[in-house]
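Colleague: Please take a close look at a single part of this model, one chain, and describe its overall build with care.

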Amino acid sequence: MTIDRQAVERQAIVSGIGRSATGRRLNRPALDLTLDACLAAIADAGLTPRDIDGLTSWPDQAVPFGFSGPRVSDLHSLLRLDLSWILGCGDGANVTGILGIAAHAVATGLARHVLVYRTVTESTAQGTGRRPAVMSQMPAPWRTTYGVGSPAQLAALWARHHFDRYGTTREQLAWVALNDRRNAADNPDAIFRDPMTLDDYLTTRMISNPLCLLDCDVPADGAFAFVISHADHRHDTERPVFFEAVGGGRPMTSSWEFWPDLDVMAAMKAADQLWSRTTLRPTDVDLAYLYDGFSIFVLYWLEALGFCARGESGPFIEGGTRIARDGDLPLNTSGGQLSEGRYLGFGHAYEAFLQLRNQAGPRQVTDTQIALVTGGGGPLAQAFLFTNDR
Amino acid sequence: MPLVDDGSRDFWRGGADGRLLIRACAACHRLFHPPGPVCPHCYSRSVTSRAVSGRATVASYTVTHRGWVPGYEPPYVVARVVLAEQPDLHLLTNVVGCDPEAVHTGMEVEVIFEQRTDVFVPLFQPVA
Ligand SMILES: [Zn+2]
């Protein structure tokens with residue numbers, strides 16, 4: 001494998017981070033939350049909106065039930081940004097991919113400071129009733145004809161495969177949720193913070209077996225924003241976080257229901273690309289933020305990234321020692337999407353940046369230099385390595 | 001109700017004659033699904049439909065315990081089945097005609113059709 005030490009994303013830094021109020025049923029407009037996060041991120045970078053010359057977000061389209069925030073064109077016009085680069089990313093599978101796209105925009109000189117944001121109001125949109133899954137609102141005859149209205153049911157097919165092929169158990173998978181909850185106890189912004197036991201997990205109602213309610217992430221409200229700047233600005237930035245490498249991939253199909261092989265996810269391809277763009281290895285990673293929209297995704301990511309061998313992610317996390325904050329591979333230290341809330345990977349990125357900036361308060365992991373952040377599961381996959389050490 | 005269009009009509013209506021019709025390439029003769037206007041194997045645009053045996057194996061499954069789609073009352077089985085004719089030809093479907101808890105990976109199943117107005121939805125049941 002050829003290692004490209006000049007991976008272009010190394011010319012990008014995260015210069016500012018911002019977070020609105022987050023949580024359940026905030027009953028605040030998406031635009032309001034978005035402005036809070038964006039203005040906070042810009043100020044955190046030591047900039048003003050006049051300095052922002054790039055803008056991107058995802059999904060940048062009207063999706064029902066609070067899944068999408070304001071369009072980039074609307075935010076652009078409100079703030080009168082003088083842009084040289086703008087991308088409203090409409091690809092339904094981008095998830096966290098815009099972080100890498102923004103890094104490449106600044107690295108290649110198309111912009112100096114790109115504002116990236118992601119906003120959800122899914123909890124408020126849900127109200128007090130059951131929220132229909134986003135997927136059930138899309139025209140998808142191959143799914144809805146067979147009673148498939150949620151990605152939980154499709155994630156469950158991967159989970160069953162992993163259980164049947166590798167002998168993975170619910171007692172093992174439980175540790176994704178248990179570890180998330182343990183970390184959320186030290187995160188005042190997390191939605192669910194009450195202690196959870198293995199017995200709690202095993203007795204929680206099934207959603208689509210073998211996945212129970214605690215294997216599925218929590219609808220939330222909130223906005224996150226980051227300023228991605230060219231590395232030339234690192235000395236103007238109080239706490240720069242450097243991009244080390246990005247990876248992505250989507251082999252064969254964008255479809256969940258016709259994914260060709262349940263033994264893999266797109267994660268495998270994204271991980272290969274990530275490691276091909278850096279000399280860092282899995283043992284160099286101090287913190288891992290693995291996408292936990294459904295718990296089973298974390299198992300596939302662990303294997304894809306080489307933290308353990310194929311099929312061994314169940315034993316790897318069982319007992320929760322290795323993935324604890326004082327373990328070999330601290331995982332999802334903010335509580336993840338299962339306990340902190342479903343922020344579509346942006347909550348994970350925010351926590352990774354907090355940790356690398358030594359600002360994570362009671363849950364700060366000491367001596368951290370390298371964080372790995374992933375987005376997506378099934379056909380969707382992006383992966384990033386960040387460092388504070390350059 | 002499935003969306004019937006030019007590409008999917010054979011799949012959704014083949015059951016009227018008791019036939020499971022799958023897209024097939026006229027050039028390389030391989031099957032593919034979902035139906036589309038181009039063969040994903042050889043990229044020929046010459047595509048047709050072929051009746052298959054309807055025999056399949058459960059590759060993975062889940063018993064859904066929450067109702068997401070009107071008309072589907074839990075518990076019900078969503079499964080991925082591999083058709084006997086071609087190991088990479090899989091369908092997302094329901095396994096019916098047995099206790100949901102009895103479904104397992106490797107189970108041999110066969111197609112049946114459930115008429116819903118003017119479409120015949122291919123479902124699978126355990127081989128008798
Ligand atoms: Zn062909």
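Modeller: The model is a predicted one, and for chain B the mean pLDDT is 96, with 99% of its residues at 70 or more. For the complex, the predictor reports an ipTM of 0.97 together with a pTM of 0.97. Where pLDDT is low, predicted coordinates should not be read in detail.

As for secondary structure, chain B contains one helix and eight strands, and along the sequence these elements come in the order α-β-β-β-β-β-β-β-β. Taken along the principal axes, the box filled by the C-alpha atoms of chain B is roughly 40 × 30 × 25 Å.

If one considers the contacts in chain B between residues at least 6 apart in sequence, 48% of them join residues at least 24 apart. The accessible surface of chain B, finally, amounts to about 5,900 Å², and carbon and sulfur atoms account for 52% of that surface.

Note on methods: Residues are numbered from 1 along each chain as its sequence is written. Chains are lettered from A and ligands numbered from 1 in the order in which they are written. This is a predicted model: local features need pLDDT of at least 70, side-chain atom pairs count only at pLDDT 80 or more; totals for chains, interfaces and linings use all residues. Side-chain values use heavy atoms; hydrogens and water are left out. pLDDT is the predictor's confidence in each residue, from 0 to 100. Helices (H or I, at least four residues) and strands (E, at least two) are DSSP runs, numbered from the N terminus. Contact means heavy atoms within 4.5 Å. Accessible areas come from the Shrake-Rupley method with a 1.4 Å probe; for residues, only the protein chains shown count as cover.
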